[in-house]
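These entries record what I looked up in one protein model. I began with the overall figures and then turned to individual strands and residues.

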Amino acid sequence: MATWWQSGAIYQVYPRSFQDSDGDGIGDLKGIEARLDHLVALGVDALWISPIFPSPMADFGYDVADYCDVDPRFGTLGDFDELLAAAHARGLKVLLDFVPNHSSSAHPWFRESRASRDNPKRDWYIWRDPAPDGGPPNNWISDFGGSAWEWDAVTGQYYYHAFLKEQPDLNWRNPALRAAMMDVLRFWFDRGVDGFRIDVLWHMVKHAQFPDNPPNPAYRPEMGGMHAVLQLHSTDQPEVHAIAAEMRRIADGYDGDRVLIGEIYLPVERLMHYYGREAPEVHLPFNFQLIEATWDARHLAALIDEYERALPPGGWPNWVLGNHDRPRIASRVGERQARVAAMLLLTLRGTPTIYYGDEIGLADVAIPRDRVQDPRELREPGLGLGRDPVRTPMPWNDSEHAGFTSGEPWLPLGPDWSTRNVAAQGGDEASMLALYRRLLHLRRKHAALAVGDFRLIEAEGDVLAFERRNGDERIVVALNLGAEPQPFALPEGDVLASTRGGTPKSGVLRGDEGVVFLARPA
Ligand code: NOJ
């Protein structure tokens with residue numbers, strides 16, 4: 001019997017941009033609660049909310065100053081409890097974002113740690129003496145560019161930060177820190193949350209001797225400074241697995257199938273280790289291959305096949321098309337192919353994660369220079385690495401500010417918000433929203449789609465076709481990844497969904513056409 005996180009779909013809410021309830025232009029928990037019925041109508045099973053904890057917002061909440069409270073901009077702990085109860089009352093699960101690799105430099109732990117070399121919390125962070133020339137201890141580079149080491153004149157040492165200097169890395173080799181962070185999981189599990197997405201899980205432990213990372217032979221400056229070296233010694237160390245296994249034991253100690261999802265950008269073979277080899281680790285190591293893939297039938301078929309084959313026994317697959325860090329699918333493949341992509345995401349074998357706004361085909365929004373907020377863009381401008389374009393407010397209707405806020409939105413709305421919004425698409429059978437609802441409905445209705453086996457049928461030209469099967473139920477998904485018609489023979493049976501509407505022609509897939517087909521039992 002499949003669990004909810006296997007058969008269900010997850011929806012990512014970026015809380016600053018979902019719904020504002022108090023007119024400050026920033027989304028909040030009461031806003032999310034007011035929009036839960038959208039998620040019910042959409043047909044998802046769980047929402048994952050990006051960080052809501054007290055934070056100076058140097059990295060918009062991924063710099064946590066208190067792991068066990070709610071930032072006033074988002075509301076209160078009481079608001080969170082209400083949101084959780086309201087979600088549960090609707091049958092929705094709620095996942096929070098756990099950020100264990102680093103805290104904010106404003107966290108009281110870091111203030112103590114940097115106060116003196118003999119402070120009891122000194123070792124809760126990563127402090128090193130300078131190199132003999134007085135420079136940083138090694139060549140490690142921050143993911144946001146520049147040295148990952150920040151000099152602290154007061155105590156005469158450097159501290160390590162894989163991201164901003166306002167995000168010092170925690171030292172997971174310290175048992176007291178480790179215990180304190182495990183208590184954070186218990187705090188939220190005790191309140192009733194159904195699981196966590198774990199931020200940069202593969203970053204959590206660094207090589208004990210801090211050797212230099214090797215240079216990256218493929219580096220080009222436009223990739224961003226972090227790619228100048230390979231993160232061989234600063235990430236994916238063997239000791240991380242015992243930590244993930246401990247988190248899993250905590251999750252498993254609670255009733256009701258709590259789930260852990262790991263954010264991990266690694267090649268497939270290494271990603272698989274995070275299911276756990278000696279002991280279970282995260283239930284779902286995020287599979288980001290579709291986020292990075294070239295939109296080509298053979299390429300997609302090969303990566304799906306590679307992923308399916310690499311899964312360990314009992315390991316449940318998952319797929320992600322977009323998130324708050326990467327360009328939106330509608331901008332990557334265009335509006336028509338975004339419909340085909342939605343069909344792919346929601347018919348592959350494994351738990352899909354939908355990024356807010358993708359269900360109405362939201363595209364990246366160009367941000368005027370004077371409105372840029374993202375530290376990624378501010379630190380390495382002009383490379384196209386900024387994440388503001390994918391974090392713009394959700395357009396709900398055609399009223400002022402798209403129903404998102406009564407104030408001035410923290411980031412601008414896209415130019416098409418008055419027509420591309422939830423209300424407009426809700427009444428339009430041909431809309432992207434209608435397609436998402438239809439596909440999510442089909443996943444609930446047909447076990448073959450939710451939990452059935454996967455078999456590739458064809459990857460020829462622009463056609464990617466596969467079969468999902470559960471017992472006698474057999475569903476064929478045929479996708480045309482191009483704009484030109486392609487030959488493809490659908491079997492006998494019924495069309496359950498189409499990206500283009502109307503009746504598919506026999507023997508051919510129209511341009512940008514994807515079809516879900518219930519094959520007649522032989
Ligand atoms: C990954 C998050 O998804 C990203 O938004 C954040 O900037 C970094 N981790 C640092 O927490």
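**Entry 1: surface, basis and conventions**

I first looked up the accessible surface of the protein chain, which comes to about 19,800 Å², with 51% of it belonging to carbon and sulfur atoms. Such areas come from the Shrake-Rupley method with a 1.4 Å probe, and for residues only the protein chains shown count as cover. I note that this is a predicted model, in which local features need pLDDT of at least 70 and side-chain atom pairs count only at pLDDT 80 or more, while totals for chains, interfaces and linings use all residues. Residues are numbered from 1 along each chain as its sequence is written, and side-chain values use heavy atoms, with hydrogens and water left out.

**Entry 2: overall dimensions**

I asked what radius of gyration the protein chain has. The C-alpha trace spans about 75 × 50 × 50 Å along its principal axes.

I then checked burial: 61% of the 522 residues count as buried. Buried means under 20% relative accessible area, exposed over 50%, and partly exposed in between (1.4 Å probe, protein chains only). Among contacts with a separation of 6 or more, 68% are between residues 24 or more positions apart; contact means heavy atoms within 4.5 Å.

For the charges, I found that the mean positions of the 53 positive and 75 negative ones are 3 Å apart. Lys and Arg count as positive and Asp and Glu as negative, whereas His and the chain ends are not counted. The place of a charge is taken as NZ of Lys, CZ of Arg, CG of Asp or CD of Glu.

**Entry 3: the eight-stranded sheet**

The protein chain has 16 helices and 18 strands. These are DSSP runs numbered from the N terminus: helices are H or I with at least four residues, and strands are E with at least two. I traced an open sheet of eight strands in the order S9-S8-S7-S3-S2-S1-S11-S10, with parallel pairing. Its edge strands, S9 (284–285) and S10 (318–320), each pair on one side only. Two strands pair if DSSP finds at least two bridges between them.

S7 (residues 195–198) runs parallel to S8 (residues 259–262) over four bridges, and Gly 195 stands opposite Val 259. S2 and S3 are also parallel and are joined by three bridges, with Leu 95 in S3 as the bridge partner of Trp 48. Five of the six residues of S3 (residues 93–98) are buried.

**Entry 4: loop residues**

I next examined the loop between S7 and helix H7 (240–252), where Asp 199 has its place. Is Asp 199 buried or exposed? Asp 199 counts as buried, at 6% relative accessibility. Apart from residues up to four places away in sequence, Asp 199 touches Tyr 62, Asp 97, Phe 98, Val 99, Pro 100, His 102 and Glu 263.

Val 200 lies in the loop between S7 and H7 as well and is buried at 5% relative accessibility. I noted its phi near 30°, a positive value in a residue other than glycine. Most residues other than glycine have a negative phi. Phe 60 likewise has a positive phi, of about 50°. Phe 60 lies in the loop between strand S2 (46–49) and helix H4 (77–89) and counts as buried at 7% relative accessibility.

**Entry 5: strand S6 and its partners**

I found S6 (residues 157–160) paired antiparallel with S4 (residues 127–128) over two bridges and with S5 (residues 149–152) over four. Tyr 158 is the bridge partner of Arg 128, and Tyr 160 that of Trp 149. S5 and S6 form a hairpin with four residues between them, and Gly 156 in the turn has a positive phi of about 65°. Gln 157 and Tyr 159 point one way from S6, Tyr 158 and Tyr 160 the other way, and all are buried.

**Entry 6: Leu 433**

Lastly I looked up Leu 433 in helix H15 (residues 432–445), which counts as buried at 0% relative accessibility. Beyond its neighbours within four places in sequence, Leu 433 is in contact with residues including His 38, Leu 42, Glu 359 and Ile 360. Leu 433 and Leu 284 are 149 residues apart in sequence and 26 Å apart in space, C-alpha to C-alpha.

Definitions and conventions. Rg over C-alpha atoms; globule rule 2.2 N^0.38 Å.
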